[in-house]
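Here is a short briefing for a reader who is new to this structure. Please look at the sequence and the model first, then read the points below.

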Amino acid sequence: MAVKVRIPTPLQRLTQGKEEVEGKAGTVIELINDLEAKYPGIAERISEGGKVRRFVNVYVNEEDIRFLQAEQTPVKDGDEVSIVPAIAGGK
Amino acid sequence: MELTEDQLHRYSRHIILPEVGGKGQKKILNAKVFIVGAGGLGCPVGYYLAAAGVGTIGMIDNDTVELSNLQRQIAHSTKKIGVHKVDSAKETFESLNPDVKVIGIKDRISKDNIKDLIKDYDIVVDGSDNFPTRYLVNDACVMLKKPLVSGAILRFEGQVTTILPGEGHCYRCLFEEMPPPGLVPSCQEAGVLGAITGVVGALQATEVLKLILGKGDVLKNMLLIYDALKVNFRRVKVPKNPDCPVCSDNPTITELQDYDAGYCRI
């Protein structure tokens, strides 16, 4: 079992169109680095200098990591991680 | 105000619901809702609110109907190409339901006009197509304590959240900063499946009606994410940010700003 990571629409280009991928347990920032190894370019879309960008939210099972331990929030096998960037379309 | 025979008939499927009844239907008829944008989201939101009998619907949009809008903007039609969207929507909604008055504003929303525009309305709905407008609408609603039902779409994905100033989170608690220009594509660049504007718009209209009726739960402190390809709805928690620049106890943003710098609008 691994960590399930939901990839948002704007980043699916980097995951060969996959909207769900698997990553290694650890901390959120380790998970992002693990994704980068498999899907080059994805880490810098989500984070900058080891910090998650301010217009992107990361949820571990429904909980926003900003209100947990931020990038150091632990993720374990079976957890579901969602990467949710702001979108603005309406027309 | 008593409901007329026609109204009892028109709204009979509402009135039969214990959560609505004649009393709730009167609340709907007396409600005033302001919709930002008469496009992909504004059309279904306005359509369902008009059908429900929302008495006053304000709508702002500066665009005219184009052929490429008609794949999703269901209040407009081929013969309305070139007509202002708010005029087109007004005709559609008022012909659907004569109980409804639509006030269309052909302008762009800005820091200078937004407070005047929304001050007499009960609820604001955001169906705009760009980040600067979304942050402006949020800040104005927080300052005037207006409930705001925000929806957004892109490709096969939708997001909906309901902001109750003073009670729950605001859009800035959810996304602290808007992305730099160019990083998140627009629908014009990235596309959108027309029907998902209907899903998201109908969710927004439902949130509005529950707020009017005071029934059920709304998406306060929550973001609903719809993934059409996976047929998946997910709800995530959105706590109020104690350091939010606009809705915290010590806000750093106390005056409205326009945030357009560097942004091009569609």
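**The sheet of chain B**

In chain B, 8 strands make up an open sheet with mixed pairing, in the order S3-S2-S1-S4-S5-S6-S7-S8. Strand S3 (101-105) and strand S8 (232-237) of chain B are the edge strands; each has a single partner strand, so one side of each lacks a neighbour in the sheet. On average, neighbouring strands of this sheet are turned by 15° against each other, direction ignored. This is a predicted model.

**Strand pairs**

- Strand S7 (residues 222-227) of chain B pairs with S8(B) in the antiparallel sense, over 6 bridges.
- In this pair, Tyr226(B) faces Phe233(B) of S8(B) from the opposite position.
- S7(B) and S8(B) form a hairpin, and 4 residues lie between them.
- On its other pairing, S7(B) runs antiparallel to S6(B), and 4 bridges join them.
- Here Val160(B) stands opposite Leu224(B), a residue of S7(B).

**Helices on the sheet**

- Helix H4 (residues 42-52) of chain B packs on the sheet. H4(B) touches strand S1 (32-36), strand S2 (56-60) and strand S4 (123-126) of chain B. The direction of H4(B) makes about 170° with that of S2(B).
- Helix H10 (residues 194-213) of chain B also packs on the sheet. H10(B) touches S1, S4, strand S5 (148-154), strand S6 (157-163) and S7 of chain B. The direction of H10(B) makes about 170° with that of S5(B).

**A closer look at H10(B)**

- H10(B) has 20 residues. From first C-alpha to last, H10(B) reaches 29 Å, close to the 28 Å expected at 1.5 Å a residue.
- Which residues of H10(B) are buried? Among them are Ile196(B), Thr197(B), Val200(B), Gly201(B), Leu203(B) and Gln204(B). The list also includes Ala205(B), Glu207(B), Val208(B), Leu209(B), Leu211(B) and Ile212(B).

**Positive phi outside glycine**

- Lys145(B) is not a glycine, yet its phi is positive, near 55°. Lys145(B) sits in the loop between H7 and S5 of chain B.
- Is Lys145(B) buried or exposed? Lys145(B) is exposed, because 10 other C-beta atoms lie within 10 Å, and a residue with 12 or fewer counts as exposed.
- Val231(B) is not a glycine either, and has a positive phi of about 50°. Val231(B) lies in the loop between S7 and S8 of chain B, in the turn of the hairpin.
- Val231(B) is exposed, because 7 other C-beta atoms lie within 10 Å.

**Met143(B)**

- Met143(B) belongs to helix H7 (residues 131-144) of chain B.
- Met143(B) has 18 C-beta neighbours inside 10 Å, so Met143(B) counts as partly exposed.
- Met143(B) and Gly166(B) are 23 residues apart along the chain. The C-alpha atoms of Met143(B) and Gly166(B) are separated by 9.8 Å.

**Chain B as a whole**

- Chain B holds 10 helices and 8 strands.
- A compact globule of 266 residues would have a radius of gyration near 18 Å; chain B has 18 Å, so chain B agrees with that value.
- The C-alpha trace of chain B spans about 55 × 45 × 40 Å along its principal axes.
- How much of chain B is buried? Buried residues are 46% of the 266 residues in chain B.
- Take the contacts in chain B with a separation of 6 or more: 67% of them are between residues 24 or more positions apart.

**Where chain A meets chain B**

- How many residues does each chain bring to the contact? Chain A brings 21 residues and chain B brings 39 residues.
- Strand S6 (56-60), strand S7 (63-64) and strand S9 (80-85) of chain A each supply at least two residues of the side of chain A that touches chain B.
- S9(A) gives the largest share of that side, 3 residues.
- By type, the residues on the side of chain A that touches chain B are 10 nonpolar, 5 polar and 6 charged.

How values were computed. Residues are numbered from 1 along each chain as its sequence is written. Chains are lettered from A and ligands numbered from 1 in the order in which they are written. This is a predicted model: local features need pLDDT of at least 70, side-chain atom pairs count only at pLDDT 80 or more; totals for chains, interfaces and linings use all residues. Two residues are in contact if their C-beta atoms, placed from the backbone, lie within 7 Å. Ala, Val, Leu, Ile, Met, Phe, Trp, Tyr, Cys and Pro count as nonpolar, Asp, Glu, Lys and Arg as charged, and the others, Gly among them, as polar. Two strands pair if DSSP finds at least two bridges between them. Axes are lines fitted to C-alpha atoms, for helices over the stretch in contact, and angles run from 0 to 180 degrees between N-to-C directions. A residue is buried if 20 or more other C-beta atoms lie within 10 Å of its own, exposed if 12 or fewer, and partly exposed in between; C-beta atoms are placed from the backbone. The radius of gyration is taken over C-alpha atoms; the globule rule is 2.2 Å times the number of residues to the power 0.38. The expected span of a helix is 1.5 Å times one less than its number of residues.
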